[in-house]
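Biologist: Could you take me through this model, with the cut-offs spelled out as we go?

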Amino acid sequence: MAFHTLEYALFLPLALLACLAAGRFRPHALLAASLLFYLAAGRPVLLLWLAAAAAAAWLYGRAAARAPDGASPPGSLFAVATAAQLAILAAARFEAAAAGAAALGVSYFAFQAVAYQADIHLGRVAPERDARRLLLYLCLFPKLLQGPIERAERLLPQLSAPAPLTYAALRGGILLILLGLVKKCAFADRFGLYVDRAFDAPELFAGPALLLALYLYALQIYLDFSAYTDIARGSARLFGIELSDNFRLPYAALDIADFWRRWHITLSAFILDYIFRPLQMALRDRGAAGTCAALLAAFLLCGLWHGATGPFLAWGLWHGAALCAHFMYRRAAGRRRAGPLRDLAARLLTFHTVLAGWLLFRSPTLPFAAAYLARIPSPGGMADLALPTGHPFHLALTLALALAVPLAEWRCGSSDGLAGGVTALPAPARWTVYLLLLLALMLLGVPSADGRFGYFRF
Amino acid sequence: MDAHLWNELTDLFREVFADPGITLDPSTTAADIDGWDSISHATLIVAVESRFGIRFATRDLLTLRNVGDLAAAVAARRAG
């Protein structure tokens with residue numbers, strides 16, 4: 001059930017009413033709603049994978065709880081528990097591929113389960129005794145299909161004692177949902193029309209048009225993914241739960257390490273804490289070579305998480321290599337000197353490093369990416385990228401409007417900041433913004449070809 | 001907290017991050033020190049191990065949350 005569908009527009013208020021009416025059984029109602037949401041994905045086998053992941057995590061927690069006071073659970077037990085989660089993830093992906101479908105949500109809750117087990121092993125969190133609460137932690141519907149990948153120490157306490165629904169929470173949640181819908185339907189999917197045309201048949205377009213399509217893809221993927229996060233966080237807020245933000249102005253990053261502190265924050269934090277840091281510490285005696293090996297391995301796995309294909313693996317290696325280059329440069333150059341021109345140059349360099357990675361990410365094969373790149377210097381205009389029914393003016397207008405969203409977020413610091421800025425306006429101005437958002441949704445909204453958000457497929 | 005150990009740790013941080021103005025307290029984290037991030041962290045740990053003649057277990061390193069935890073881990077290793 002995608003967030004920008006009529007089904008979700010009916011499901012969300014009904015789920016909220018059910019939870020409010022359930023009183024002290026609210027957590028049970030929320031769990032039932034989340035399982036129903038997952039069932040609506042149309043593949044009951046997904047619930048089997050969810051049950052397996054939850055059972056493995058719960059059993060590991062029970063076994064760990066039986067360790068003597070102050071002692072950590074045996075490392076071998078942790079290794080088995082981790083292997084179980086990764087096996088579930090691999091089996092789910094294999095089964096889905098065989099069925100010609102996507103293993104919706106499995107990548108996200110499997111990683112959450114791994115993080116939960118790792119945090120028990122490291123003594124950061126106590127095992128959850130309540131199996132239903134642990135299951136809800138994994139399958140809470142706003143974050144089930146596309147994250148954020150929540151940590152147990154942050155989410156479990158909220159599931160035990162969610163905040164009451166207040167007018168401010170209701171207003172803030174609905175506004176975040178509305179912002180997300182506009183970003184997705186009016187902008188990301190509109191850009192997708194241009195991007196898909198260029199990537200479906202790049203040989204039909206001149207270099208400038210292909211370059212423009214690549215820049216539009218950078219905007220599309222950010223708006224699509226951040227839109228999902230906005231809607232997820234807005235939905236969760238209605239149930240008294242604060243989910244983590246996944247984006248913090250990523251294209252304003254000053255270097256590639258800064259980019260990964262701003263993009264898909266919960267996934268990069270997972271990679272940092274559970275893959276890179278253990279590897280880096282194990283290889284610390286090898287100095288810079290050890291750190292670089294850890295970076296490359298961590299981001300190769302990041303690429304693999306997205307898909308076991310050449311382009312995704314190359315994308316992961318590209319970012320790993322960029323991080324290695326950044327690390328070696330920092331070692332040689334020392335502390336970074338700030339300044340308006342230096343910062344601008346740094347942001348442009350970082351953005352274009354990321355843009356080159358997006359070409360790999362969007363391409364179906366590596367030869368395709370190479371051919372696309374080779375075609376960019378070819379002469380020609382951008383007008384031939386015009387939509388089948390559109391006019392170049394529409395592209396210019398949409399580009400201007402969509403750039404306004406990231407610029408507004410920059411001005412306010414984040415999507416939350418933007419939503420907070422709107423709710424702080426006087427009532428006439430606030431209602432004008434609401435009306436403009438609804439108009440943008442109605443007039444500019446484009447139904448996406450498969451009705452999904454881009455990151456559902458991971 | 002052993003004052004001598006704390007002073008040595010402070011001197012070490014100043015050397016590793018090339019900033020003589022660094023001051024530490026138990027709650028200091030990477031967010032408080034320019035240049036200290038996940039990538040440069042290994043350099044710091046190797047320097048700490050070398051300075052104090054100790055060797056941390058990898059698992060212990062993954063549970064450190066702030067300089068206070070680091071100082072306590074150093075003290076424990078030296079005592080053990």
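Biologist: How many salt bridges are there over all chains?

Modeller: Over all chains the count comes to 24 salt bridges, where a salt bridge is a side-chain nitrogen of Lys or Arg within 4 Å of a carboxyl oxygen of Asp or Glu. Bear in mind that this is a predicted model, in which local features need pLDDT of at least 70 and side-chain atom pairs count only at pLDDT 80 or more, while totals for chains, interfaces and linings use all residues. Side-chain values use heavy atoms, with hydrogens and water left out, residues are numbered from 1 along each chain as its sequence is written, and chains are lettered from A and ligands numbered from 1 in the order in which they are written.

Biologist: Which residue does D273(A) pair with, and where do the two sit?

Modeller: D273(A) meets R151(A) in a salt bridge, at 3.0 Å from N to O. The pair links distant parts of the chain, 122 residues apart, with D273(A) in helix 12 (residues 265–282) of chain A and R151(A) in the loop between helix 7 (141–144) and helix 8 (152–160) of that chain; helices here are DSSP runs of H or I with at least four residues, numbered from the N terminus.

Biologist: Is D273(A) buried or exposed?

Modeller: D273(A) is buried, with a relative accessible area of 15%, and R151(A) is buried as well, at 17%. Buried means under 20% relative accessible area, exposed means over 50%, and partly exposed is in between, using a 1.4 Å probe and protein chains only.

Biologist: And what about E242(A), what is its partner?

Modeller: E242(A) forms a salt bridge with R233(A), the closest N and O atoms being 3.8 Å apart. E242(A) is partly exposed at 31%, whereas R233(A) is buried, with a relative accessible area of 5%.

Biologist: Which residues are linked in a network?

Modeller: E128(A), D130(A), R132(A) and R133(A) are linked in a network of salt bridges.

Biologist: Switching to the interface, how many salt bridges are there between chain B and chain A?

Modeller: The count between chain B and chain A is four salt bridges. R330(A) forms a salt bridge with D37(B), with the closest N and O atoms 3.2 Å apart.

Biologist: How much area do the two chains bury between them?

Modeller: Chain B and chain A bury about 2,000 Å² between them, with 52% of it on carbon and sulfur atoms; buried area is the accessible area (1.4 Å probe) that two parts lose on being put together, summed over both. On the chain B side, I39(B), R59(B) and L62(B) lose the most area to chain A, together 33% of what that side buries. The contact, meaning heavy atoms within 4.5 Å, takes 22 residues from chain B and 23 residues from chain A.

Biologist: OK, cores next. Which residues have the most contacts inside the largest one?

Modeller: They are Y251(A), W263(A) and W358(A), in a largest nonpolar core of 145 residues. Helix 10 (residues 207–238) of chain A gives the most to this core, with 18 residues. By nonpolar core I mean a set of buried Ala, Val, Leu, Ile, Met, Phe, Trp, Tyr and Cys residues joined through side-chain atoms within 4.5 Å.

Biologist: What does W358(A) touch?

Modeller: Not counting residues up to four places away in sequence, W358(A) touches L214(A), Y217(A), A218(A), I221(A), Y251(A), W263(A) and W315(A). A second, separate core of 26 residues includes M281(A), L12(B), L24(B) and A71(B).

Biologist: Where is F13(B) found, and is it buried or exposed?

Modeller: F13(B) is found in helix 1 of chain B and counts as buried, at 0% relative accessibility. Leaving out residues up to four places away in sequence, the residues that F13(B) touches include I22(B), L24(B), W36(B) and L70(B). By contrast, E15(B), which lies in helix 1 (residues 3–16) of chain B, is exposed at 52%.
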